[in-house]
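Student: Could you take me through a close look at the salt bridge in this structure, and then at one of its cavities?

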Amino acid sequence: MNAKMKGIIAILISAIGFSFMAVFFRLAGDLPVFQKSLARNLVAMFIPLFFILKFKQPFFGKLSSQPLLLTRSLLGLTGVLLNIYAIDHMVLSDADILMKLNPFWTILLSLIILKEYIQKYQLTAMVIAIIGMLFVVQPEFSSDILPAIMGLLSGVFAAAAYTAVRALSTREAPYTIVFYFSFFSVVALLPIVLMTYEPMTSTQIIYLILAGLSAAVGQIGITVAYSYAPAKDISIFTYASILFTALIGFILFGETPDRYALIGYVIILGASYYMFERARRTTSLSNTNNNHS
C-alpha cells in the first residue's frame with residue numbers, strides 16, 4: 001500500500017471520528033463552549049499519550065519545532081472553539097457546511113505557504129465536492145450574521161492548523177503533534193472553565209467523554225493522513241464525514257435523507273472516486289517510469 005492510499009484510509013477514519021464528535025456534542029446539550037472544548041481535549045490527550053509512551057516518542061517535540069507547534073495548537077484551538085460556538089448558535093447544517101469548507105482553504109494555504117503544486121483535476125474535484133455538499137446540507141442561511149462568521153472562520157483556522165501539521169509532519173511524530181495540541185488546549189482553557197463552570201449531569205459527562213474519544217480518533221487520523229500525503233491529494237476525502245453523519249443520524253435519530261441529499265451523496269462520491277483514480281493512476285505511472293529508469 002503506497003503512502004497516498006494510507007493517507008486516504010487515515011482521513012476516512014478521521015471523518016468517522018469527527019462525525020461522532022459532533023453528534024455527542026449535540027447530545028451533551030447547552031453547556032459553555034470552553035467547557036465542551038476542555039472536555040474534548042482532556043479526554044483526547046490520553047490517547048496520543050498512550051502511543052507516546054508505547055513507542056517512546058517525545059512529549060513536546062524538538063526545540064526548533066516549538067514555534068510551529070505553538071502556532072498549530074493556537075490555530076487548532078481557535079478553530080475548535082469557533083466550530084462549537086457555531087454548532088450551538090446556528091442551524092446545524094449551516095455550521096456544518098461552513099466548517100466543511102476547510103479542505104478548500106487547506107488546498108489554497110498549501111499552495112501559498114507550503115508551495116505545493118495543485119493540478120487542475122484536484123481543483124475541479126474539490127469544486128464538484130462543494131457543489132455536492134450544498135445538495136446534502138441544503139443550508140438555510142437564516143441565522144444571525146455573527147455565528148455564521150464564526151462558522152466560516154472555524155474552517156479557515158482549521159485549514160491553517162492542518163497546513164501547519166503538514167509542515168510539521170517531516171519534523172515530529174504524529175502522536176507528539178496531537179498530544180502537544182491537546183495539552184496546550186487543556187492548559188489554556190482550564191483557568192477560563194474554572195471561572196465559568198456550569199454543573200453537569202452524569203449523562204452530559206458521559207457524552208462529553210465520548211465526544212473527546214471521537215475527537216481523538218479524528219485528530220490522530222487527520223494528523224497521520226497529512227504525514228503520509230499532501231493535503232491537495234487527500235483533503236477531499238474529509239467530505240466522507242457527511243455520509244457518516246447521515247448514517248449515524250438515521251441509526252440514532254431516525255433521520256432519512258431527501259432526494260436532494262441523495263443527489264449530493266452521488267456527486268461527492270463521484271468527485272472522491274475521480275480524485276482517487278487520478279491519484280492512483282499518477283502514482284502507478286510514476287512507479288512504472290521509475291522501474292523503467
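**A salt bridge and a cavity**

Tutor: By the rule used here, the count comes to 1 salt bridge, meaning a side-chain nitrogen of Lys or Arg within 4 Å of a carboxyl oxygen of Asp or Glu. In this pair, the side chains of Glu172 and Lys62 meet at 3.9 Å, N to O. Glu172 sits in the loop between helix H7 (145-168) and H8, and Lys62 in the loop between H2 and helix H3 (66-89), so the pair ties together parts that are 110 residues apart in sequence. Helices are DSSP runs (H or I, at least four residues), numbered from the N terminus. Glu172 is buried, with 6% relative accessible area, while Lys62 is partly exposed at 44%; buried means under 20%, exposed over 50%, partly exposed in between (1.4 Å probe, protein chains only).

This is a predicted model, where local features need pLDDT of at least 70 and side-chain atom pairs count only at pLDDT 80 or more, while totals for chains, interfaces and linings use all residues. Residues are numbered from 1 along each chain as its sequence is written, and side-chain values use heavy atoms, leaving out hydrogens and water.

Now for the cavity. The whole structure has 2 cavities of 30 Å³ or more, a cavity being a set of points on a 1 Å grid over the protein atoms alone where a 1.4 Å probe fits but cannot get out, with lining residues having an atom within 4 Å of a point. Helix H2 (33-55), helix H8 (174-196) and helix H9 (202-228) each supply at least two residues of its lining, which includes Arg40, Phe181 and Gln219.

Key: 1 Å grid on protein atoms, 1.4 Å probe; cavity = no way out; pocket = protein on both sides within 12 Å on 5 of 7 lines; lining within 4 Å. Points joined across faces, edges and corners; volume = space filled by probe spheres on them.
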